[in-house]
Amino acid sequence: MMIIRFLKNWILPIAMMIGVLSYLIYDAIGFPTEIRSIASDCATIGQPLLLFTMLFFTFCKIDITHLRFCKWHFYLMAFQIVSFILLLILAKWYHGAESMALIEGLALCIICPTATSASVITRKLGGNAERLITYTILINLCIAILIPLCVPILHAEEGISFLTAFITILGKVFPLLLLPLLCAYIIRSFFPKLHALCTRYPDISFYLWAIALTVAVSLTTKAVVHSNVPLWVQIGLGTGSLIACLLQFYIGRRIGKPYGDVIAGGQSLGQKNTVLAIWIGITFFTPVSAMAAGFYSIWHNLVNSYQLYQQRKKEGAL
């Protein structure tokens with residue numbers, strides 16, 4: 001039990017450390033090209049499969065009929081969409097690789113959807129988890145359309161029309177974000193025994209998330225190791241993600257406050273599915289921009305640790 005508790009408490013740094021070390025060791029060994037190609041294909045295919053499975057088990061716990069929209073959901077969504085589009089316009093204006101990586105990294109930190117584990121933290125902090133879950137579904141639906149619309153404009157490929165690029169990217173994003181929700185709904189509605197089996201192990205999403213994070217960090221490490229991006233850009237990505245993290249927790253709490261959802265608002269906007277953001281960065285944007293999401297995963301977990309400490313202190317559990 002002590003080992004399990006230790007792993008749960010320190011799973012973030014452990015997963016990130018394993019991700020970094022595993023790629024550095026793999027790169028240092030110098031495997032043949034054929035093996036490297038197979039490993040790259042496995043990582044490319046395995047990461048979205050892990051994300052799909054993680055989201056599926058999370059959505060299996062949700063009864064969609066109990067979810068309700070609030071005004072602050074649309075205020076948060078408007079903030080994310082408008083900020084993301086403005087940053088992409090800025091990135092389109094700056095043609096330098098370093099400037100684009102910085103701006104795209106910040107854009108990823110803004111548009112990234114709410115983490116599937118945010119409901120657990122929200123409940124522990126005394127917030128309304130159902131309203132947070134509603135926003136998680138809403139922002140995932142939004143991003144499934146927004147990313148395919150925006151990426152072809154920023155990274156237009158010669159000889160490929162906007163419609164072709166949109167359909168191609170939609171084909172990658174839609175199954176990952178929306179299909180898990182649809183599958184979970186079908187199983188809950190028509191296969192109750194299978195649904196009971198899927199919800200029997202509540203921590204399975206947690207362990208899948210740890211594995212997905214390890215793979216994502218490995219891919220980010222690969223992008224950094226084989227990148228010619230200067231150190232100041234990497235520092236800029238870390239600093240920018242920190243500012244984005246603190247700002248979004250603050251804005252989310254302020255927007256949610258008039259509706260009695262300070263905690264749910266803050267977690268909805270501040271706690272991100274950074275594994276998904278890393279995948280989006282590596283797949284659709286300048287790969288090094290995914291570093292910002294890697295840094296963000298550190299910052300939002302530090303914020304959550306502080307909030308949980310304050311909550312335990314308030315409850316006299318320390």
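Reader: At what angle do α3 and helix α14 pack, and how far apart are their axes?
Author: In this predicted model, α3 and helix α14 (residues 274-284) pack at about 145°, and their axes are 11 Å apart.

Reader: Is that crossing left-handed or right-handed?
Author: The crossing of α3 past α14 is left-handed.

Reader: Which residues meet there?
Author: From α3, Q47, P48 and L51. They meet V275, L276, I278 and W279 in α14. By class, that contact has six nonpolar residues, one polar and no charged.

Reader: And α3 with helix α9, what do the axes do?
Author: The axes of helix α3 (residues 33-60) and helix α9 (residues 179-190) come within 8 Å. They cross at roughly 40°, so α3 and α9 are oblique to each other.

Reader: Left-handed or right-handed, that one?
Author: α3 and α9 make a right-handed crossing.

Reader: Which residues of α3 and α9 meet?
Author: On the α3 side, F52, L55, F56, F59 and C60. On the α9 side, L179, P180, L181, C183, A184, I187 and R188. The contact of α3 with α9 has 11 nonpolar residues, no polar and one charged.

Reader: Changing topic. In the largest nonpolar core, which residues touch the most other members?
Author: F84, I147, I280, F284 and F285 do, out of 83 residues in that core. Helix α7 (residues 129-154) supplies the largest share of this core, with 13 residues.

Reader: What does F84 touch?
Author: Not counting residues up to four places away in sequence, F84 touches A107, I110, I111, L146, I147, C150 and F285. Two of the names there, I147 and F285, are also among the core residues that touch the most other members.

Reader: Next, M16. Where is it, and is it buried or exposed?
Author: M16 sits in helix α2 (residues 11-29). Its relative accessible area is 15%, so M16 is buried.

Reader: What is M16 in contact with, leaving aside its neighbours within four places in sequence?
Author: L213, V217, G294, S297 and I298 are in contact with M16.

Reader: How far is M16 from S218?
Author: Their C-alpha atoms are separated by 8.1 Å. Along the chain, M16 and S218 are 202 residues apart.

Reader: Last one, Q307. Which helix is it in, and why does it count as buried?
Author: Q307 is in helix α15 (residues 290-315). Its relative accessibility is 13%, and buried means under 20%, so Q307 counts as buried.

Reader: What is Q307 in contact with?
Author: Leaving aside its neighbours within four places in sequence, Q307 is in contact with L125, F249, R253 and Q267.

Definitions and conventions:
Residues are numbered from 1 along each chain as its sequence is written. This is a predicted model: local features need pLDDT of at least 70, side-chain atom pairs count only at pLDDT 80 or more; totals for chains, interfaces and linings use all residues. Side-chain values use heavy atoms; hydrogens and water are left out. Axes are lines fitted to C-alpha atoms, for helices over the stretch in contact, and angles run from 0 to 180 degrees between N-to-C directions. Helices (H or I, at least four residues) and strands (E, at least two) are DSSP runs, numbered from the N terminus. Angles under 35 degrees count as roughly parallel, over 145 as roughly antiparallel, 65 to 115 as roughly perpendicular and the rest as oblique. A crossing is left-handed if the near helix is turned anticlockwise from the far one by less than a right angle, and right-handed if clockwise. Contact means heavy atoms within 4.5 Å. Ala, Val, Leu, Ile, Met, Phe, Trp, Tyr, Cys and Pro count as nonpolar, Asp, Glu, Lys and Arg as charged, and the others, Gly among them, as polar. Buried means under 20% relative accessible area, exposed over 50%, partly exposed in between (1.4 Å probe, protein chains only). A nonpolar core is a set of buried Ala, Val, Leu, Ile, Met, Phe, Trp, Tyr and Cys residues joined through side-chain atoms within 4.5 Å.
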